[in-house]
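Student: Could you take me through one part of this model closely, namely the charged pairs and the core beside them? I would like the cut-offs spelled out as you go.

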Amino acid sequence: MSVSLTSQQAALLAYITRYLDEHGGVAPSFDEMKDAVGISAKSGVHRLLGALEERGLIRRLPNRARAIEIVGEH
């Protein structure tokens, strides 16, 4: 099953995947994600993460910093 993503969603997913691989499973901070995809506000990152989570591509654990897992196909 292929999920259609916007260019920013795809860029963020690729960045998170690469970051997790390079940092032993620790996810990037909101500031790091914001800078990586060229967004000016953290709320934009929050919106993109929400969209990725709705599509079943990531899972965020509540009340934990940097708790993002890649769970879906991309």
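**Salt bridges and the core**

Tutor: Happy to! Let us begin with Arg60, which pairs with Glu53 in a salt bridge whose closest N and O atoms are 3.0 Å apart. The term salt bridge here means a side-chain nitrogen of Lys or Arg within 4 Å of a carboxyl oxygen of Asp or Glu. This is a predicted model, in which local features need pLDDT of at least 70 and side-chain atom pairs count only at pLDDT 80 or more, while totals for chains, interfaces and linings use all residues. Residues are numbered from 1 along each chain as its sequence is written, and side-chain values use heavy atoms, with hydrogens and water left out.

Both partners are partly exposed: Arg60 has a relative accessible area of 23%, and Glu53 has 31% relative accessibility. For these labels, buried is under 20% relative accessible area, exposed is over 50%, and partly exposed is in between (1.4 Å probe, protein chains only).

Next comes Glu69, whose salt bridge with Arg59 has its closest N and O atoms 2.7 Å apart. Because Glu69 sits in strand β2 (residues 68-70) and Arg59 in strand β1 (residues 58-60), this pair ties together parts that are 10 residues apart in sequence. Helices (H or I, at least four residues) and strands (E, at least two) are DSSP runs, numbered from the N terminus. Glu69, at 33% relative accessibility, is partly exposed, and so is Arg59, with a relative accessible area of 42%.

A further pair is Lys42 with Asp31, a salt bridge of 3.7 Å from N to O. Lys42 belongs to helix α3 (residues 42-54) and Asp31 to helix α2 (residues 30-37), so the pair links distant parts of the chain, 11 residues apart. Here too the side chains are partly exposed, Lys42 at 43% relative accessibility and Asp31 with a relative accessible area of 37%. By this rule the count comes to five salt bridges.

Now for the core. A nonpolar core is a set of buried Ala, Val, Leu, Ile, Met, Phe, Trp, Tyr and Cys residues joined through side-chain atoms within 4.5 Å. The largest one has 17 residues, and those touching the most other members are Leu12, Ile16, Met33, Leu49, Leu52, Ile58 and Ile68. Two or more residues come from each of α1 (7-22), α2 and α3, with α1 giving the most, six residues.
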